[in-house]
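Hello,

Please have a look at the structure below. My notes follow it.

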Amino acid sequence: PNLIAGFECAFTPFNGNRKIPFGKDFEIAWMSRWIGRQFIDNRSDPANALAAYSFTNLRLRFTTGSKSLEALEFTFLLQNLFNAQFSSNAWSYRYRYDGQTVMDQGFFPQAGRNYLMGVRIRF
């Protein structure tokens, strides 16, 4: 692609200075990515390219701790928040058949809206 751009904005409404029940920190992060048109092969043929696409993720992170643990962190990541439909990779193959040039293409569609949950323990 000729352009790849990313943006992340994180907001911590509660941190160690403000008391929240059973916690130290709470963070909300908005992450967006934009990827420009990319060619599938080295010919720069517009008919053999992936369209530009973008997607947005949302992350919630809650951190707590105790005397025995330095930190216990819970993360929830909602990926592709707006359920964008796109392919990030593809393959292409050109050949001659019956006197004509034929181009076969295969695309690798990416997941729609999905989520991840994680726990991180620090001693």
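Asn83 counts as partly exposed, because its relative accessibility is 31% (buried means under 20% relative accessible area, exposed over 50%, partly exposed in between, with a 1.4 Å probe and protein chains only). This is a predicted model, where local features need pLDDT of at least 70, side-chain atom pairs count only at pLDDT 80 or more, and totals for chains, interfaces and linings use all residues. Residues are numbered from 1 along each chain as its sequence is written, and side-chain values use heavy atoms, leaving out hydrogens and water.

Back to Asn83. It sits in the loop between β6 (71-79) and β7 (87-97). Strands are DSSP runs (E, at least two residues), numbered from the N terminus. Asn83 is not a glycine, yet its phi is positive, about 55 degrees.

Asp98 also deserves a look. Its loop lies between β7 and β8 (100-109). Asp98 is not a glycine either, and has a positive phi of about 55 degrees. Its relative accessibility is 71%, so Asp98 counts as exposed.

Now the sheet. It is open, with 5 strands in the order β1-β2-β5-β6-β9, and the pairing is antiparallel. Two strands pair if DSSP finds at least two bridges between them. β1 (4-14) and β9 (114-122) are at the edges; each has a single partner strand, so one side of each lacks a neighbour in the sheet. On average, neighbouring strands here are turned by 15 degrees against each other, direction ignored (axes are lines fitted to C-alpha atoms, and angles run from 0 to 180 degrees between N-to-C directions).

How many bridges join β2 to β5? There are 11, between residues 25-35 and residues 53-64, and these strands run antiparallel. Among the bridge partners, Ile35 has Tyr53 in β5.

Best wishes

How values were computed: Helix = DSSP H or I, 4+ residues; strand = E, 2+ residues; numbered from the N terminus.
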